[in-house]
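Please open the model in your viewer and keep the sequence panel beside it. The tour below moves from one selection to the next and says what is to be found at each stop.

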Amino acid sequence: MAYRALYRIWRPQSFADIVGQEHVTRTLQNALKEQRFSHAYLFNGPRGTGKTSAAKVMAKAVNCERGPAEEPCNECAACRGITEGSVVDVMEIDAASNRRIEEIRDIRDKVKYAPTQVRYKVYIVDEVHMLTPEAFNALLKTLEEPPAHVIFILATTDPHKLPATIISRCQRFDFRRIGSAQIVERMKQAILAENIEISDQALTFIARMAEGGMRDALSLLDQALSFGGEQIELEDVMAITGSASQAMLASTARCIMEGEASEALNVVQQLVQNGKSPEQFLDDLLFYFRDLLLYKTAPQLEEIQDRMMLDEQFRELGDAFDTSRLFLIIEKLNQAKNDMKRASQTRIMLELILIQLCQIGEQKSHVVVQAEATSGGKMSSEEVEQLKQRINMLEKQIKQLDRGNVGRQEAAPVSGTRKEPRRTGMQQTVKIPTGRIREVASASIEPQLKRLRSIWPDILHQVKSKSVRLHAWLLDGRPAALSQDGLVVCFKSVIHCETTARELNKQLIEEVVKGFINRPVELFTLMENQWEEISSSVGVSEQEQGEDTKQEEAQSEPVVDEAVKLFGEELVDIKD
Ligand SMILES: Nc1ncnc2c1ncn2[C@@H]1O[C@H](COP(=O)(O)OP(=O)(O)OP(=O)(O)O)[C@@H](O)[C@H]1O
Ligand SMILES: [Mg+2]
Ligand SMILES: [Zn+2]
């Protein structure tokens with residue numbers, strides 16, 4: 001049997017199945033009860049929180065042969081047909097891949113015809129913010145006077161990219177991030193059927209990593225299942241997500257506590273050697289300090305009570321830090337996290353922030369420092385010297401960055417405006433051959449891509465038979481473009497993206513894909529946000545593409561300002 005992802009199997013089929021969005025489902029159900037629904041809805045909210053699912057349930061509820069009812073029966077021909085996608089009157093349009101104005105014009109032309117199989121024509125337009133301005137205009141015309149038998153449901157993660165004229169014509173619903181407890185609950189339901197044990201700690205951790213997105217949670221769970229055997233523990237999940245070990249976090253926290261900057265830099269070194277990403281580490285560290293703060297201020301909290309790492313070391317650290325210092329550290333880490341989103345030299349950023357944090361320690365525990373100074377000092381002069389050297393080197397690197405010498409030898413990561421990260425530490429950029437990917441994007445053959453997507457589960461399955469591990473990484477990926485000689489797969493997690501791109505892994509996947517599509521293609525992997533930018537720039541006009549590419553590559557990185565800002569006053573102090 002072909003493999004099916006958990007999040008597909010667990011797509012909500014009724015309003016009751018939609019977790020954590022009661023404020024939306026209740027209102028929709030009331031409208032259904034009173035038979036007063038509007039002709040255009042806008043569902044906005046973070047990824048994987050139930051927008052498309054709710055839209056499909058709504059489509060069924062209005063068309064159910066036993067309705068319109070507060071819940072679809074899911075048994076009649078209309079309900080079943082809509083679930084299967086065989087009812088032509090209910091159309092799911094992915095604006096991300098059908099951005100062209102013709103597609104929308106097509107809707108406009110056909111919208112006037114009455115539905116043929118069910119009561120209402122329902123157009124679900126996903127990722128509606130991706131439409132071109134022309135397509136928006138065409139859509140607007142349709143929304144201005146929608147026929148009585150038509151309902152539009154527009155879904156987006158980025159409502160601010162929508163023209164106000166569109167928004168004002170829709171009844172708007174804001175989907176929220178889903179609480180950890182509710183995510184855990186749903187995951188427990190999902191694994192009941194599987195013959196697998198997974199610890200509560202592991203589930204809590206997954207829920208936390210998913211940051212309120214149910215799809216992300218279920219995908220991570222999927223990876224854990226295919227990775228971890230019959231008994232899955234916290235450590236398995238951490239390995240999949242590329243999270244830093246607790247020991248590493250604890251020792252970094254200890255360095256910060258004791259103002260041991262050089263020690264902290266060693267941790268970074270080790271981290272990079274282990275192939276972990278600085279972004280992810282920063283995130284993990286942020287959570288660690290957050291937990292320390294919670295432990296101090298609200299130890300009775302359930303979340304802290306069953307905190308997986310409530311071990312001796314954690315307690316000790318919790319007792320050692322004072323609350324105001326924890327606040328300060330969290331604030332700094334948060335700021336650094338924002339800065340890092342725009343930086344390409346993430347390792348340097350991480351090192352700088354750690355040095356800063358170690359200094360907070362020094363400033364705060366002034367008394368201790370003075371005591372040490374009179375007793376000959378805690379740092380040997382040699383250590384101080386080493387630290388100075390390291391800082392000098394960082395300074396130099398930043399100057400180089402300033403002149404644009406570093407980090408642009410290879411194709412530059414796509415820069416520019418980026419939307420809010422979807423999942424902790426997983427929305428960073430990866431070095432990619434922008435030009436080649438553009439080529440593939442603009443030469444993508446839609447019908448073939450469609451077919452590839454439909455057989456993707458089988459491809460995954462075959463990859464799994466060759467490498468369970470690689471399968472676990474690749475599960476995060478989604479085929480985004482397929483040309484004659486190239487395949488673009490985008491990822492949500494940097495770790496998965498980079499690991500899949502390793503030469504041997506890449507070869508293995510290319511080999512499998514070749515078996516399915518009967519020709520060799522080169523595999524390109526990149527992050528979802530990078531893909532978004534590339535595909536939208538390609539989609540606007542294919543003729544402009546050549547010049548566009550050059551422009552993109554010549555763009556500079558905004559890292560310098562950020563790094564220099566970070567570098568500022570505090571480091572000067574160290575030398576005193
Ligand atoms: N609120 C929810 N309750 C239960 N399951 C959910 C919920 N939200 C998402 N899921 C799970 O995630 C999958 C994807 O959800 P859905 O497509 O509805 O999200 P979305 O908000 O449309 O995401 P995107 O913005 O990426 O399109 C569903 O099949 C389901 O398994
Ligand atoms: Mg959706
Ligand atoms: Zn029905």
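**Before you start**

This is a predicted model, in which local features need pLDDT of at least 70 and side-chain atom pairs count only at pLDDT 80 or more, while totals for chains, interfaces and linings use all residues. Residues are numbered from 1 along each chain as its sequence is written, chains are lettered from A and ligands numbered from 1 in the order in which they are written, and side-chain values use heavy atoms, with hydrogens and water left out.

**The whole chain**

Begin with a cartoon view coloured by secondary structure, in which the chain comes to 28 helices and 10 strands; these are DSSP runs numbered from the N terminus, helices being H or I of at least four residues and strands E of at least two. Of the 576 residues in the chain, 55% are buried, where buried means under 20% relative accessible area, exposed over 50%, and partly exposed in between, with a 1.4 Å probe and protein chains only. If you switch to a surface, the chain exposes about 25,900 Å², and carbon and sulfur atoms supply 48% of that area, as computed by the Shrake-Rupley method with a 1.4 Å probe, only the protein chains shown counting as cover for residues. Among contacts (heavy atoms within 4.5 Å) between residues at least 6 apart in sequence, 78% join residues at least 24 apart.

**The zinc ion**

Next, select ligand 3, a zinc ion, together with C64, C73, C76 and C79, whose SG atoms coordinate the zinc ion at 2.3 Å. Donors here are N, O and S atoms within 2.8 Å of the metal (3.2 Å for Na, K and Ca), and since water is not among the atoms, sites may look incomplete. The arrangement is tetrahedral because the 4 donor atoms subtend angles of 102 to 119 degrees around the zinc ion, and four donors count as tetrahedral if all angles lie between 85 and 135 degrees. Along the sequence, the donor residues follow the spacing C-x8-C-x2-C-x2-C. Two of these residues can be checked for burial: C76 is buried at a relative accessible area of 5%, and C79 is buried at 0%.

C358 is itself buried, at 2% relative accessibility, and a search of the whole structure finds 0 disulfides.

**The nonpolar cores**

Now select L487, V488 and W531, the residues with the most contacts inside the largest nonpolar core, which has 39 residues. Such a core is a set of buried Ala, Val, Leu, Ile, Met, Phe, Trp, Tyr and Cys residues joined through side-chain atoms within 4.5 Å. Helix α22 (residues 446–466) gives the largest share of this core, 7 residues. Centre the view on L487 and, leaving out residues up to four places away in sequence, you will find that L487 touches residues including V440, L452, W456, V513 and F524. For a second, separate core of 38 residues, move to M248, V268, L333 and L354, which are among its members.

**Single residues**

Select P68, which lies in the loop between α3 and α4 (77–84) and is buried, with a relative accessible area of 17%. Beyond its neighbours within four places in sequence, P68 is in contact with L32, Q35, F37, A61, V62 and R119; R119 is 51 residues away along the chain, yet the two C-alpha atoms are separated by 9.3 Å.

From there, go to Q35, in the loop between α2 (22–33) and β1 (40–44), where phi is near 55 degrees, a positive value in a residue other than glycine. Q35 is partly exposed, with a relative accessible area of 48%. E127, in the loop between β3 (121–126) and α6 (133–144), has a positive phi of about 50 degrees although it is not a glycine, and E127 is partly exposed at 23%.

Finish at S53, in helix α3 (residues 51–63), which is buried at 9% and, apart from its neighbours within four places in sequence, is in contact with R11, P12 and I18.

Notes: Disulfide = S-S within 2.5 Å. Tetrahedral: all angles 85-135°; square planar, octahedral: opposite > 155°, others 65-115°.
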